[in-house]
Amino acid sequence: MSDIKYLPGKEPHANEHRLIFKNVDREGWDQSIDTYLNDGGYEMLKKGLTMDPKAIIGEVKTSGLRGRGGAGFPTGIKWGFIPPNNTKPVYLICNADESEPGTFKDRYIVHQDPHMLIEGMVISAFAVGAHTAYIYIREEFPEAAIILEKAIAEAREKGFLGQNIQGSGFDLEIYVHRGAAAYICGEETGLIESLEGKRAYPRIKPPYFPAAMGLYMCPTIVNNVESLCHVVHILRMGGEEYVKLGTPRNSGTRILCVSGDVKHPGYFEVQVGKITFRELIYDMCGGPKDGREFKAVIPGGSSSKILRCNESFSIGRGDEAKELSFWDLPLDFDTLAEAGSMAGSGGVIVLDDSRKISWVLNNITHFYAHESCGQCTPCREGSTWMRKISDRILEGNATPDDVKTLEEVAYQIDGKTICAFGEASAWPVEAMIDKYRDELIAETSEENEFKSPEQQEREKFLISS
Amino acid sequence: MNSNIEVPKPRPINRSRVSYRTASIVPTPALIDRARLIYFDQKQSSPKVPRPAPIDRSKLRYHSLGTAVPKPACIDRSKLRYRSLGVVVPKPALIDRSKLHYLCSAGVIPKPCPIDRSKVEYSEPQLTALERNIHSPITPGAVNFPCFEITPELEAKADQRIAQYPADQTRSAVLPLLHEVQHHFGFISPESIDWVANKLNLEPMKVVEVVTFYPGFRQKAPGKLHVRVCRTLSCAMGGSYELMDKLCEITKIDRSQEDGHKDTISVSPCGNFSVEYAECLASCGTAPVCLVNDDFHEGITADKAQALLDSYQNA
């Protein structure tokens with residue numbers, strides 16, 4: 001690893017452990033297949049095709065790889081859900097619809113290292129028995145769609161795709177399918193509907209688990225870009241070796257994307273759970289901007305619950321329980337879940353004391369009101385109501401009761417929708433009200449109750465008589 | 001030509017038999033002695049509801065006024081004047097019907113001349129809900145794009161896209177075909193919707209629902225340079241609102257008609273520029289970011305807006 005040189009100013013931090021981002025910002029690196037082959041690329045594909053598919057799934061299960069898309073579901077277990085007596089074709093879909101605000105890891109993989117993704121997809125398709133795979137890429141990456149199509153053509157030319165790959169008798173075609181700027185297409189069943197050429201209305205689970213009834217009602221595996229890339233490294237290192245990276249139940253590396261009010265925002269590939277917020281935000285991102293203090297952190301994309309920087313949490317159960325301050329929390333799936341938030345897709349958004357919570361809340365509610373697909377009433381109506389109430393709070397026209405109403409609306413959405421978008425839109429609102437209620441109420445005024453047009457008419461009448 | 005028509009003379013009305021409604025004086029209603037009223041619940045022996053205690057109105061505070069409201073003065077009913085009580089309505093005079101002119105009984109009506117239909121201007125037909133959804137308003141940007149036409153290249157590209165999906169699942173190609181159309185013709189026009197529907201053997205409605213669902217498909221022509229500014233949290237913190245204001249200032253775009261949901265694109269009067277807010281372009285670490293047509297630009301703060309637009313004018 002030490003012989004890899006990176007572009008000046010883009011060198012990885014000493015705390016990083018680069019697997020997936022090994023070739024990102026690398027000196028002399030380009031997206032062509034020759035560069036990838038010179039670096040030992042597609043060796044794992046050759047190795048994988050000689051293995052038993054069940055053995056590959058076994059390795060991935062052993063590795064404990066958890067999906068990097070947001071929910072953190074174990075990838076190997078997901079692959080095992082395909083019905084054993086299945087006779088229909090199996091599809092593999094790579095979810096490159098990276099649209100969670102705060103997350104920007106997949107952008108660099110598909111733009112700078114497309115062949116690693118293709119190699120991961122071929123191995124994964126072989127493991128689950130898929131002969132057609134789609135890369136669902138978001139519309140906002142027009143350049144990446146071209147890069148991927150070129151990479152696919154190159155790989156086909158070299159015999160890593162198409163009929164009888166490397167003489168193994170395994171056939172696979174990968175196609176790029178562009179989305180059209182809808183956030184909901186990141187939800188796997190919504191993505192499948194979109195791939196079928198419909199509106200991206202998520203399907204209800206049960207019964208529509210993609211592994212049994214997915215694309216065209218056939219078994220379908222939907223994996224994030226990063227998860228599929230990890231498969232290459234799991235095969236190279238072996239599941240036993242891979243699981244040693246990171247912490248128990250949170251194995252491997254993951255890419256954290258830091259944005260917002262820090263000196264040096266950026267992406268960092270670290271071992272899961274080995275890095276605390278203090279190390280990430282102070283050591284790796286250079287701390288707060290001059291003269292500022294940190295206020296809050298959104299730890300896993302905008303739909304995760306906000307954490308206050310001066311909070312402390314009780315982590316662990318029974319005798320192992322310990323009190324940890326916010327800065328000492330390790331960034332892994334389980335700890336963040338115990339702290340009342342989630343690791344999500346790894347998008348860490350840092351807010352400093354110059355940010356008003358009402359402004360942040362307003363921005364986030366606007367996003368979710370715009371992106372609600374409109375299928376379930378609580379989410380379609382509720383997200384718009386939340387936007388309107390937060391507009392009122394921001395403009396200073398709200399009453400203290402509005403904060404309560406906003407909270408009530410959020411709890412009316414949470415858990416009452418088909419897909420997780422309902423929670424995604426409600427959680428940030430619930431958490432911000434819960435943790436910053438005083439600040440929000442301070443921006444409201446009892447007097448605003450008399451600011452309604454009807455009330456103004458009434459007052460005018462009373463004064464004149 | 002004599003067009004006098006004979007109208008029978010109406011019978012005279014015997015007005016002595018007519019009785020007028022308000023001619024008599026309406027007596028003032030007697031005051032109700034509330035002490036003698038029996039309340040409904042008291043009639044039944046059980047359960048006995050106690051008579052409500054009189055409300056001390058001097059202690060009441062009225063809601064929603066903030067300040068104490070003065071007690072309303074008692075109304076002196078003796079001074080009130082009731083409408084139509086005291087006034088006697090005079091009996092109307094008899095109508096001398098012999099002097100009445102009945103319409104069209106006196107003059108000569110000219111024969112209508114034939115309508116010259118070539119000179120008739122028809123108003124815009126009312127659009128149905130479906131037609132409104134597939135309607136493409138004409139913007140100044142329309143000059144930048146060719147009109148929709150089916151070319152052999154388009155057909156070939158479409159066939160190539162359709163081949164990516166199983167033979168019985170061609171509906172999947174709706175999005176790729178719409179992307180092809182939008183790429184070549186700037187936006188999705190009603191004719192192109194029909195073409196996609198025909199190509200994939202679908203009802204046009206199935207295509208319209210896709211076009212109207214996805215923010216990535218636009219139904220009116222953008223400018224030659226279409227700038228999509230990310231407005232989501234990290235970029236907003238980095239200054240994308242300011243960037244948008246600056247872009248609008250430079251290109252003289254008026255965003256006041258933009259509704260944020262259905263019609264998000266604002267085109268400059270010259271047709272060269274258009275702007276739109278996009279939701280998270282996934283490069284939060286280099287905020288604020290924007291897409292100009294298909295090119296991605298990062299770290300575009302408001303002071304770099306002019307340079308960004310200039311870089312395209314030289315090209």
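Seven bridges join β1(A) to strand β2 (residues 130–137) of chain A, and the two run parallel. For the record, I count two strands as paired if DSSP finds at least two bridges between them; strands (E, at least two residues) and helices (H or I, at least four) are DSSP runs, numbered from the N terminus.

Housekeeping: this is a predicted model, where local features need pLDDT of at least 70, side-chain atom pairs count only at pLDDT 80 or more, and totals for chains, interfaces and linings use all residues. Residues are numbered from 1 along each chain as its sequence is written, and chains are lettered from A and ligands numbered from 1 in the order written.

I looked up partners next. A:Leu92 has A:Ala133 as its bridge partner in β2(A). β1(A) also pairs with strand β4 (residues 220–224) of chain A, parallel again, over five bridges, and there A:Cys94 stands opposite A:Asn223.

Is β1(A) buried or exposed? Seven of its seven residues (90–96) are buried, so the strand is largely enclosed by the rest of the structure. Buried means 20 or more other C-beta atoms within 10 Å of the residue's own, with C-beta atoms placed from the backbone. I checked both faces: A:Val90, A:Leu92, A:Cys94 and A:Ala96 are buried on one side, A:Tyr91, A:Ile93 and A:Asn95 on the other.

Then the chain contact. 45 residues of chain A are in contact (backbone-placed C-beta atoms within 7 Å) with 37 residues of chain B. α13(A) gives the largest share of chain A's side, six residues.

Notes: Two residues are in contact if their C-beta atoms, placed from the backbone, lie within 7 Å. A residue is buried if 20 or more other C-beta atoms lie within 10 Å of its own, exposed if 12 or fewer, and partly exposed in between; C-beta atoms are placed from the backbone.
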